[in-house]
Amino acid sequence: MSTPHAITVVTDGACSANGTDDARGGWAAIVIAPDGTEEVLTGAEAPSTNNRMELMAAIEGLAAAPDGSAIELVTDSSYLAKAISDDWLGSWRKRGWRTAGKKPVANRDLWERLLAQMARHASVEPRLVRGHAGHELNERADRLAQDAAATAEATTPPMDGSPYSDQLGLDIT
């Protein structure tokens, strides 16, 4: 990005036993300032899903950036990137947080937190990269997320009370 106050946020989520009661999730965000300095953030949740961890990485990465930043959000999650770039978020909100198939949007709690973080910034532009394809920072974020997932302990169930098996987030239209 050519904006003088551009911040790059590289994110990844990981989850072993994705979508099961034994799932252990981890996330990582690498926040890179215009001068090249980095802040590395990680966290974990159990049980969880991979999509929840992808969203948490983006939320926490955006939260760490100064207000008014122009953000390049680098992710290997098409779920996350397309929700922003193809305005799935706007469509879901217009339909009362329902998919085109009239089902509740999975992970609504996290999507709303993401929207709040996005609103703090001048812009948030997602850049989708292929996972496990040699993108150095994505590979690093993946390792950090995997390490975080290994430390995950059971946490409180989601605030919306929905079971994790319903939160895979695959009904996205």
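# A first tour of the fold

Biologist: How many helices and strands does the protein chain have?

Modeller: Both kinds of element are DSSP runs, numbered from the N terminus: helices are H or I with at least four residues, and strands are E with at least two. On that basis the protein chain has 5 helices and 5 strands.

Biologist: What pattern does the protein chain follow along the sequence?

Modeller: This is a predicted model, where local features need pLDDT of at least 70, side-chain atom pairs count only at pLDDT 80 or more, and totals for chains, interfaces and linings use all residues. Residues are numbered from 1 along each chain as its sequence is written, and side-chain values use heavy atoms, leaving out hydrogens and water. Read in that order, the pattern is β-β-β-α-β-α-α-α-β-α.

Biologist: What percentage of the residues counts as buried?

Modeller: Buried means under 20% relative accessible area, exposed means over 50%, and partly exposed lies in between, with a 1.4 Å probe and protein chains only. The protein chain has 173 residues, and the buried share is 48%.

Biologist: Which residues of α2 are buried?

Modeller: Helix α2 spans residues 78-85. Its cover includes β1 (6-16), α1 (50-64), β4 (70-75), α3 (88-94), α4 (108-119) and β5 (123-128). Buried in α2 are Tyr79, Leu80, Ala81, Ala83 and Ile84.

Biologist: Why is α2 called oblique to α4?

Modeller: Axes are lines fitted to C-alpha atoms, for helices over the stretch in contact, and angles run from 0 to 180 degrees between N-to-C directions. Under 35 degrees counts as roughly parallel, over 145 as roughly antiparallel, 65 to 115 as roughly perpendicular, and the rest as oblique. The axes of α2 and α4 come within 13 Å and cross at roughly 55°. That angle makes the pair oblique.

Biologist: How many nonpolar residues has the contact of α2 with α4?

Modeller: Ala, Val, Leu, Ile, Met, Phe, Trp, Tyr, Cys and Pro count as nonpolar, Asp, Glu, Lys and Arg as charged, and the others, Gly among them, as polar. The contact joins Tyr79, Leu80, Ala83 and Ile84 of α2 to Trp111, Leu114 and Met118 of α4. There are no polar and no charged residues, and the nonpolar count is 7.

Biologist: Is the crossing of α1 and α4 left-handed or right-handed?

Modeller: A crossing is left-handed if the near helix is turned anticlockwise from the far one by less than a right angle, and right-handed if clockwise. The axes of α1 and α4 are 9 Å apart, at an angle of about 25°. That makes α1 roughly parallel to α4. The crossing is left-handed.

Biologist: Which peptide bond is cis?

Modeller: Pro47 sits in the loop between β3 (38-45) and α1. With omega near -10°, the cis bond runs from Ala46 to Pro47.

Biologist: Is Trp97 buried or exposed?

Modeller: Trp97 belongs to the loop between α3 and α4. Its phi is positive, about 60°, although it is not a glycine. With a relative accessibility of 9%, Trp97 is buried.

Biologist: Where is Ala17?

Modeller: Ala17 is not a glycine, yet its phi is positive at about 60°. Its relative accessible area is 42%, so it counts as partly exposed. Ala17 lies in the loop between β1 and β2 (24-32).

Biologist: Which residues does His121 contact, leaving aside neighbours within four places in sequence?

Modeller: His121 is in the loop between α4 and β5. It is buried, at 8% relative accessible area. Its contacts are Leu62, Ala65, Pro66, Asp67, Gly68, Ser69 and Ile71.

Biologist: How far apart in space are Arg140 and Ala29, C-alpha to C-alpha?

Modeller: Arg140 lies in helix α5 (residues 136-150). It is partly exposed, at 27% relative accessibility. Leaving aside neighbours within four places in sequence, it contacts Ile30, Glu38 and Val40. Arg140 and Ala29 are 111 residues apart in sequence, but their distance in space is 9.7 Å.

Key
Contact means heavy atoms within 4.5 Å.
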